[in-house]
Amino acid sequence: MIAKAILNRVLARAMSTGADFAEIFAERTLNKNIQMVDGKVNEIADSLLSGVGIRIFAGLRCVCASTTDLSESGLLLAADRVASALSGAPAGQPIYVKERIFGDVHPIRIVPSDVKNKEKIDLLKEACFTAKDYHDEIAQVAGTLLDVDHNILIANSEGLLAQDRQIRTRMVVDAIAYKDGENQTGHCRPGRRMGLEMFETVITPKEVGEHAAKQAITMLHAGYCPAGKMTVAIENGFGGVIFHEACGHSLEATSVALGRSQFCGKLGQKIATEKVTAVDDGTIPNAWGSINIDDEGHPSQRNVLIEKGVLKSYMIDRFNGRRMGMEATGNCRRQDYTFTPTSRMTNTVIMPGEDKNEDIISSIEYGLYAKEMGGGSVNPVTGDFNFAVREAYMVRNGKICEPVRGASLIGRGSEILQDIDMVGTDLATGQGMCGSSSGSIPTDVGQPLIRVSSITVGGR
Amino acid sequence: MEYQEFKSAVLKAAREAGLEEYELYYKNSSEMAVSVYREEVNQFTTATGGGACFRCIVGGKMGYAATECFDEEQAASLVERAMDNAASIETEDEVVIHPAGDEYQKVSRMPGEIPSADVMTSVAMDCQKRLYAEDARVIDGTQSRTLAEKGMVCLANSKGLDLSQEYGVSAVAAISIVQEPGEEEKYMGYKMSLGEVSEVDLADLAKKGVEDALSVMNPGKVNSGKYKIVFSGKMMGAMLSTFASVFSAEAVQQGISLLKGKEQTMVASDIVTIVDDPFYPDFSVQMPFDAEGVATSTKEVIAKGVLNTLLYNLKTAKKAGKSSTGNAAKESYDAPIAIQPYAFYVKPGEKSREEVFAEVGEGIYVTELNGMHAGADPKTGDFSLSSAGFLISGGQKQGPVKGFTVAGNFFQMLKDIELIGSDLEFHAPESFSVYGAPCVVVKELSVAGK
């Protein structure tokens with residue numbers, strides 16, 4: 001994307017006022033987004049993102065600048081802007097970046113940017129028409145096929161030059177069921193770090209449409225969820241959002257380094273029941289949250305966060321690692337070149353345990369079976385989290401009973417980890433876009449079916 | 001190349017491709033942000049950038065393409081991609097490029113220049129010192145931030161329009177963390193003051209920021225049940241922000257909003273008036289034209305409970321046989337035209353917050369709602385949200401409570417608003433939209449707690 005000689009000169013300029021580290025992050029990203037409503041393609045967004053973010057460190061200070069001007073003069077101007085925030089002398093050593101190739105474990109068979117609109121639209125239609133035809137009460141179906149071709153280059157003053165090409169594909173289908181003045185919705189939003197082959201090898205468009213429609217119809221005929229403290233079984237797949245919100249964010253150096261996490265200073269301590277082993281793994285081939293290298297050029301790795309209840313590791317980026325006195329873990333991520341990168345999750349899951357699914361359900365006398373979760377959020381300072389339940393059923397006397405709508409789950413991360421008392425065997429993941437200070441990034445969440453002995457269920 | 005040169009190249013490429021109706025939208029911005037941790041600057045960020053989005057009508061269909069890379073190759077590629085995308089569009093809605101000729105109102109407030117790095121830094125440092133000085137229980141993790149953004153929107157099309165407007169926003173934010181010595185629990189407070197960075201009243205900001213954190217220490221729990229709920233102005237504003245899309249004519253026409261067929265009917269209690277004002281005097285994100293170049297205007301969307309109008313852009317207005325309300329918007333420069341309000345707020349009533357509490361007697365004052373993006377669904381109106389706030393008892397605000405949810409339905413809630421305070425508060429602008437409200441009293445909502 002940028003010639004080595006220019007990278008060397010821009011890095012040197014950025015270091016010219018006493019920084020001890022400088023980095024260039026360049027990106028060229030093609031985004032395509034085809035939307036369909038009412039069975040017809042109504043909008044296509046098609047954009048090229050192109051820009052550079054420059055970072056320098058001086059001890060525990062971080063200075064960043066971004067620009068869309070990729071000419072050498074534009075880059076030098078941005079380097080001057082970061083340098084102007086410091087007033088020291090240059091270290092004086094010349095910088096020579098050397099290319100390093102970390103490899104790519106995510107093969108892409110059908111590169112989306114090489115495929116005509118028509119073929120993508122056919123996939124989207126199959127999903128949307130399947131949803132619409134599923135039931136008379138399906139009033140509307142909105143579908144989107146997104147593909148991203150994200151090319152990044154990272155060069156730093158330690159001589160690293162690394163590049164990666166991240167291709168992602170996602171289909172989002174939202175079905176609305178309508179009856180007697182009421183709407184209810186159903187979603188299906190699978191995505192992979194893959195090309196369009198994901199609709200052959202992972203999930204077919206028909207399955208996407210069916211899933212969304214079925215959920216909307218189920219919820220249309222459901223009553224409201226009762227409120228109060230209950231035992232809750234949370235299904236696998238996107239159910240893993242509970243760990244992502246309740247615990248994952250609080251293990252990011254973003255909050256740990258500044259002393260703003262409830263898990264500060266807890267390494268080696270037991271923070272969860274023995275049933276809980278949790279891992280953040282950015283190396284899983286073709287998974288939605290996977291990366292070959294992170295956005296500061298560190299190869300992705302598998303980090304065991306919690307092992308049998310004991311806190312083993314945080315997720316750390318280079319800058320926050322300085323304050324913590326710890327090594328980076330390959331978790332530094334940013335939405336694009338305009339954001340200041342920080343530690344973020346990749347694919348974060350609770351590992352399979354030994355409890356049988358039927359035993360988990362039959363153990364619940366009165367409670368909730370959360371079949372599919374919606375999104376959520378957390379305040380890492382207090383650990384207070386919340387998330388929505390998209391599809392839930394009451395459980396009575398060990399049996400899954402009628403569906404209920406409008407449920408949410410709230411609690412505190414440190415408490416819920418102590419309340420996960422059964423963990424099933426069948427791990428599955430779900431895809432989400434995770435929002436935090438460095439923007440919106442793709443992450444996988446996942447778990448087997450788990451049981452939480454007691455949690456506040458928000459309902460009516 | 002610079003934008004002006006790129007613009008000429010794109011418009012030339014469009015003409016050469018034989019296009020008759022086309023438009024180029026451009027948005028740029030410069031930003032500076034400083035963050036102070038302990039008593040040192042730990043983050044200093046500057047950004048400059050801009051992107052252009054081209055759209056054109058081919059065979060009655062609108063196609064889009066956008067770029068941040070301004071060169072000859074992209075100028076040609078934009079036109080080619082937009083034409084190719086237009087050919088794949090299937091909706092039969094009539095689309096138009098807006099001609100010149102509207103009369104545009106003048107904005108009353110222009111954005112200031114971005115302050116120098118020294119000013120941005122010293123204000124953030126000063127704020128941080130004041131936060132620590134405010135109370136001995138303020139601990140590390142406390143952060144002060146200054147931020148300033150200034151930018152411009154330009155729109156040029158084949159029908160003679162050539163518009164531009166500057167916008168800007170700047171603010172100082174205080175995030176205070178407090179802890180009782182020897183205890184593990186931490187509490188957070190957040191206050192932001194919009195306005196010229198050097199003119200923000202830091203003493204007041206620091207005081208309110210720390211008070212915000214101290215006031216929620218040692219919260220109690222609430223029992224599950226039905227309660228009278230007072231939403232703070234900020235939280236009612238957050239509700240409006242979350243549910244704003246129900247007022248979009250596009251959502252209504254697609255059957256996604258339950259306000260379908262409700263224009264000119266009662267959709268809220270008769271004390272509720274909701275205003276959309278592109279020229280709200282407090283903000284320097286005022287917009288005289290929308291993302292299609294249509295002149296904007298101030299209107300009551302809900303007037304005394306009656307849904308006066310939805311928010312329209314050109315396409316949805318044409319479909320409904322109405323005029324655009326000037327609410328065409330782009331989520332970002334590269335997004336297709338959608339619909340958004342400007343300063344969108346509940347018109348304040350007469351009573352102060354204390355008078356409102358006195359009238360309520362018993363209930364919960366909700367000052368924090370979390371997880372709006374997941375726990376509230378504009379398509380159904382349902383919400384079930386993790387909340388925090390204060391008990392109201394004996395007509396007065398009591399101690400803090402948290403760890404409960406408030407659940408209901410937005411459409412029902414609008415009808416159940418019993419009283420509206422006078423304390424209008426706004427959130428920070430999100431692009432050209434700013435949401436606000438005074439505190440409002442809702443007759444009854446479900447609470448899940450103990």
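How many helices and strands are there in chain B? Chain B has 10 helices and 20 strands, where helices (H or I, at least four residues) and strands (E, at least two) are DSSP runs, numbered from the N terminus. Its radius of gyration is 24 Å, close to the 22 Å that the globule rule gives for 450 residues, so chain B is as compact as a globular protein of that length. The radius is taken over C-alpha atoms, and the globule rule is 2.2 Å times the number of residues to the power 0.38.

A word on reading the model before going on. What you have here is a predicted model, in which local features need pLDDT of at least 70, side-chain atom pairs count only at pLDDT 80 or more, and totals for chains, interfaces and linings use all residues. Residues are numbered from 1 along each chain as its sequence is written, while chains are lettered from A and ligands numbered from 1 in the order in which they are written.

Let's stay with chain B for now. Its C-alpha atoms fill a box of roughly 75 × 55 × 35 Å along the principal axes. Buried residues make up 56% of the 450 residues in chain B; a residue is buried if 20 or more other C-beta atoms lie within 10 Å of its own, exposed if 12 or fewer, and partly exposed in between, with C-beta atoms placed from the backbone. Of the contacts in chain B between residues at least 6 apart in sequence, 72% join residues at least 24 apart. Here, two residues are in contact if their C-beta atoms, placed from the backbone, lie within 7 Å.

Val197(B) gives a close-up of such contacts. You will find Val197(B) in the loop between strand S6 (187-194) and helix H4 (202-214) of chain B. Val197(B) is buried, with 23 other C-beta atoms within 10 Å. Beyond its neighbours within four places in sequence, its contacts include Pro115(B), Met120(B), Val123(B), Thr146(B) and Val172(B). Val123(B) is 74 residues away along the chain, yet the C-alpha atoms of Val197(B) and Val123(B) are separated by 7.3 Å.

Now turn to a sheet in chain B. Six strands form an open sheet with mixed pairing, in the order S10-S9-S8-S13-S19-S18; two strands pair if DSSP finds at least two bridges between them. Strand S10 (306-307) and strand S18 (425-426) of chain B stand at the edges with a single partner strand each, so one side of each is left without a neighbour in the sheet. S18(B) runs antiparallel to strand S19 (residues 434-437) of chain B, and two bridges join them. In S19(B), Gly436(B) is the bridge partner of Phe426(B). Helix H5 (residues 233-243) of chain B lies across strand S13 (343-346), S18 and S19 of chain B, running at about 135 degrees to S19(B). Axes are lines fitted to C-alpha atoms, for helices over the stretch in contact, and angles run from 0 to 180 degrees between N-to-C directions.

Over in chain A, there are 10 helices and 24 strands. Of the 460 residues of chain A, 62% count as buried. Chain A is divided into domain 1 (112-149 + 167-220) and domain 2 (228-458), with bounds from an automatic or database domain assignment. The centres of these two domains of chain A, taken over C-alpha atoms, are separated by 26 Å. Where they meet, 13 residues of domain 1 of chain A are in contact with 11 residues of domain 2 of chain A.
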